[in-house]
Amino acid sequence: MQSSLIARHIRRLAEEKQVPVVACVEDAAASGGYWIACAADEIVADPASILGSIGVVAAGFGFEGALQRLGVERRMHTAGSEKNFLDPFRPEVPEDVARLEVLLEDLHGEFRTWVLSRRAEKLKAAPEALFTGRFWPGRKAVELGLADRLGDAAGEAKRRFGDKAKLIPVGGRRPGLLRRLLPGLEAEAVIGALEERAAWGRLGL
């Protein structure tokens with residue numbers, strides 16, 4: 001959802017200001033990252049970058065066995081027959097899995113539609129081969145039409161605007177010194193690190 005919002009905001013500003021947008025991939029533009037990259041009019045990729053992963057994933061854990069071993073009783077009360085959808089503290093229900101598969105396919109459809117709306121004429125392989133969730137390094141992505149050419153942000157800026165062009169880094173606020181040194185002090189930091197590791201793991205990195 002956040003990737004969709006960011007991409008729409010980029011397109012809205014591009015049309016309002018009448019300026020071209022170039023996405024420079026120097027790390028990974030995969031899954032939600034590729035969704036955002038497609039908001040650009042051109043995609044430039046480093047040969048060692050990762051692009052693609054046009055798919056949708058849902059992951060979780062099952063804790064029902066752990067509760068039994070700990071002697072903990074799960075208590076949940078709901079109003080609405082499907083409010084406890086995919087509760088991790090009970091065994092998977094086939095109906096829940098089927099509902100999740102429909103949801104994932106719907107979201108995958110949104111992803112496919114967006115990519116096609118932005119790059120249909122540039123894709124050099126059948127959508128069925130590109131929209132499987134697979135990802136590729138930058139050079140192969142250019143061959144497949146997922147990116148337009150090889151390069152990097154600094155080189156692209158100089159090529160377009162001359163040697164005096166400067167890149168302005170934009171980022172969020174840095175965490176405090178103590179949190180950077182001892183991130184394990186906060187459960188949120190641990191969970192965030194695990195989620196980040198899982199995200200990179202899905203890219204094989």
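## Charges and rings in a predicted model

A search of the whole structure turns up 16 salt bridges. Here a salt bridge means a side-chain nitrogen of Lys or Arg within 4 Å of a carboxyl oxygen of Asp or Glu. Before we look at some of them, note that this is a predicted model, in which local features need pLDDT of at least 70, side-chain atom pairs count only at pLDDT 80 or more, and totals for chains, interfaces and linings use all residues. Residues are numbered from 1 along each chain as its sequence is written, and side-chain values use heavy atoms, with hydrogens and water left out.

| Salt bridge | N to O distance |
|---|---|
| Arg-160 and Glu-42 | 2.6 Å |
| Arg-75 and Glu-73 | 3.5 Å |
| Lys-140 and Glu-143 | 3.5 Å |

Which parts of the chain does the pair Arg-160 and Glu-42 tie together? Arg-160 lies in helix H7 (residues 153–161) and Glu-42 in strand E3 (residues 42–45), so the pair links parts that are 118 residues apart in sequence. Helices (H or I, at least four residues) and strands (E, at least two) are DSSP runs, numbered from the N terminus.

How open to the surroundings are these side chains? Buried means under 20% relative accessible area, exposed means over 50%, and partly exposed is in between (1.4 Å probe, protein chains only). Arg-160 is partly exposed at 31%, and Glu-42 is partly exposed at 23%. In the next pair, Arg-75 is exposed at 64%, and Glu-73 is exposed at 57%.

Lys-140 and Glu-143 are three residues apart in helix H6 (residues 138–144), which puts about one helical turn between them. Lys-140 is partly exposed at 35%, as is Glu-143 at 47%. Elsewhere, salt bridges that share partners join Glu-42, Arg-149, Glu-156, Arg-159 and Arg-160 into one network.

Let's turn to the rings. The whole structure holds three aromatic pairs. One of them is Phe-61 with Phe-63, a tilted pair with 6.0 Å centre to centre and 35 degrees between the planes. Rings of Phe, Tyr and Trp (its six-membered ring) pair if their centres lie within 6.5 Å; planes under 30 degrees apart count as stacked, over 60 as edge-to-face and the rest as tilted. Phe-61 is exposed at 68%, whereas Phe-63 is partly exposed at 35%. Ring pairs also bring in Phe-89, giving a cluster of Phe-61, Phe-63 and Phe-89.
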